[in-house]
Amino acid sequence: MKKRYGFVRCGISTLGSNVGDIDKNVDEIIETVYRASKAGIDLLVFPELCITGYTMQDMFFDTNLESKCLKALNKIYYGTKDYTYTSIFIVGMPLRVNSILYNVAVVMQRGEILGVVPKTYIPNQNEFYEKRYFTSYNGKEKIIKRLGLGDAFAFDVPFGNIVFDVNFETGHGYSFGVEICEDLWSVKPPSLDLALSGANIIANLSASNELLGKDEYRKELVKTQSARTHSAYVYTSAGLNESTTDTVFGGSGYIFENGKELLTAKRYQWDNTLYYKDVDVEFLNFERIKNKTFADCASKTISDVQHVYVDNWANSELVGDLKRDINPHPFVPKNNPKACKEIFDIQTYGLAKRLKSINLDKVTIGVSGGLDSTLALLVTANAFEVLGYDKKGILGITMPGFGTSDRTYQNSLKLSEALGITLEEISIKDACIQHFKDIGHDINNHNLVYENSQARERTQILMDKGFTIGTGDLSEGALGWCTYNADHMSMYNVNASIPKTLVKHLINWYANENPEYKDILFDIVETPISPELLPPDENGNIAQKTESNVGAYEVQDFFLYHFLRRGTSGEKLIFLANIAFDGIYTEEQINEWYNIFFTRFFNNQYKRDCVPAGPKVGSVALSPRGDLRMSADMTSKIWKI
């Protein structure tokens, strides 16, 4: 069993309602609710009008249908009263209220009707001309009186646009709202007001038939509404057992979270299939708090939404494993060359604009044969091509020191030659030896003075030679893995918002796009990450490996993304990291690196307070001018474990 960590398990049933066979539909609904409860699903959504079937057409006028539907609801009422039926579930049916027939969603749990939501917008142009049967909700009715409606309505029931506020015993909670099919397609969907009134999950009961191209458009609607409302959007639609006289219903279903796809149901299934995923409500709340446009809209919204408070019966812990994919490399656009080119272009044109603005066609860059300087050099070369500048104006300087290995040295030479830039070699050894003498430092003492002196000597050379392109990446900035006023500083840093995992990915992408550089670039990617400030081992190989000090960069990038982009920290972040890197790293390693991350992240804000300009490429960046405002004196104590 796992703590919830702010996750809510949402499920959809693609029940293909047997048209007119109400008894069979009800039996399937009860059985599905039981399966959902066993799976730990908190909120289960059935298709529109699933009790009767959507394609009843003029039979919706039958006076006997009302009593049959109410008996069906009573059967569901008694069939789910048992304590094993813990899921909140939503079913669709026709319901007459004050002589008006509505298409409604009935929200239930353990034999209790929590509320009834009528459809707001009734289509008049689809194949079934739904407006012939049902009336749009006008916002006037707020409650259904119990008289004459059977045991399921043993008490007055809230009616209308409702936000259901659910609280767990652990203190975690969520709120959800409901809209029905056409509501989403309207100019102003009810889900806008529901979200602005606090619903972080939107359920949609639908009966949307299949047409050429419609599924793609429908899915995009769900995705967009989820992103616009910073919500989890849970959508399900009627399936194959609906009438196929003039149309076919495929049973489409999706779950999106803040515009990101978590689940797409397989269409055209005969069986009643149950799908579910865990949505991160804590993240959705974090996103809304940060987005002041959302808050401004909420403060200006006047709506008829009412709130219903629900004592949730669901388990306060997750049942089984977390039901969602956890990407170990959230910064990396997998199988997406287009995204890589866009990132590379942002870097390129950021630098090109800066050079054009200051009327400069000559720059300096340190070429070490390492990952970061390689990407920065590729970007710089591309910027010169964009501007029509001679690449001989790029002065690449390789500066061998006490820790330079032959492998990185040779790669720096090969890449510079292949790109056609100007290359100069300036050893820093004699200058550093003299500096050690000047400050009275023992050259055999390989401490921070020994390392930092080399880094500062290299920066001094670069800046004395010209306009210096920075190479330090986002991961190094987050961890403070840079020497203050050395590799920490430049005139423009093209890698400012590129994390280490993405640096590797972009170089691989560039190599595949430009095979003439492939051998050099692939060898650079495979070289151990090192600042090469300490002497090589007895075999001339790199002895100083960064990840031995700060932990695996892929894990640190994972922490960085989830902490800054999703507001995740503490036990939840470790919980997710252990899932993402299961079988790769141990729990002990994850815990150790977590504490290293937060210690270094908070202790090194003073370095980030004065970083050079550089282009932002993604949703996570550390510039003090536009992205991260943070006190350099803040303690990491409350974030560490």
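User: How do I read the pairing of strand S11 with strand S12, and how many bridges join them?

Analyst: Two strands count as a pair if DSSP finds at least two bridges between them, and helices (H or I, at least four residues) and strands (E, at least two) are DSSP runs numbered from the N terminus. Here strand S11 (residues 201–206) and S12 run parallel and are joined by six bridges, with Ala232 in S12 as the bridge partner of Ile201. This is a predicted model, in which local features need pLDDT of at least 70 and side-chain atom pairs count only at pLDDT 80 or more, while totals for chains, interfaces and linings use all residues. Residues are numbered from 1 along each chain as its sequence is written, and side-chain values use heavy atoms, with hydrogens and water left out.

User: Which residues lie on the two faces of S12, and are they buried or exposed?

Analyst: Buried means under 20% relative accessible area, exposed means over 50%, and partly exposed lies in between (1.4 Å probe, protein chains only). Ala232, Val234 and Thr236 on one side of S12, and Tyr233, Tyr235 and Ser237 on the other, are all buried, so that both faces are covered. Because six of the six residues of strand S12 (residues 232–237) are buried, the strand is largely enclosed by the rest of the structure.

User: In what order do the six strands of the open sheet stand, and which strands are at its edges?

Analyst: The order is S6-S5-S4-S3-S2-S15, with mixed pairing. Strand S6 (112–118) and strand S15 (274–280) stand at the edges with a single partner strand each, so one side of each has no neighbour in the sheet. For angles, axes are lines fitted to C-alpha atoms, for helices over the stretch in contact, and the values run from 0 to 180 degrees between N-to-C directions; with direction ignored, neighbouring strands of this sheet are turned by 30° against each other on average.

User: What packs on this sheet?

Analyst: Helix H6 (residues 281–290) does, touching S2 and S15, and its direction makes about 45° with that of S15; contact here means heavy atoms within 4.5 Å.

User: How do the pairings inside that sheet run, parallel or antiparallel?

Analyst: Strand S2 (residues 7–13) and strand S3 (residues 43–45) run parallel and are joined by three bridges, with Gly11 opposite Leu44 in S3. S3 and S4 also pair in the parallel sense, over three bridges, and Val45 stands opposite Ile90 in S4. S4 and strand S5 (residues 100–109), by contrast, run antiparallel and are joined by nine bridges, with Val91 opposite Val106 in S5. These two strands, S4 and S5, form a hairpin with two residues between them, and Asn98 in the turn has a positive phi of about 50°. Strand S4 (residues 88–97) is largely enclosed by the rest of the structure, because nine of its ten residues are buried.

User: How should I read the packing of helix H8 against helix H9?

Analyst: Two packed helices are described by the angle between their axes and by the distance between those axes. The axes of helix H8 (residues 337–357) and helix H9 (residues 371–387) come within 8 Å and cross at roughly 60°. That makes H8 oblique to H9, since angles under 35 degrees count as roughly parallel, over 145 as roughly antiparallel, 65 to 115 as roughly perpendicular and the rest as oblique.

User: Which residues meet across that contact?

Analyst: Among them are Phe344, Leu351 and Leu355 in H8, and Leu375, Leu378 and Phe384 in H9. The residues of the contact divide into twelve nonpolar, four polar and one charged, where Ala, Val, Leu, Ile, Met, Phe, Trp, Tyr, Cys and Pro count as nonpolar, Asp, Glu, Lys and Arg as charged, and the others, Gly among them, as polar.

User: Where is Asp487 placed, and what does Asp487 touch?

Analyst: Asp487 is in the loop between helix H13 (474–479) and strand S22 (492–493), and at 37% relative accessibility Asp487 counts as partly exposed. Not counting residues up to four places away in sequence, Asp487 touches Ala455, Thr459, Trp481 and Cys482.
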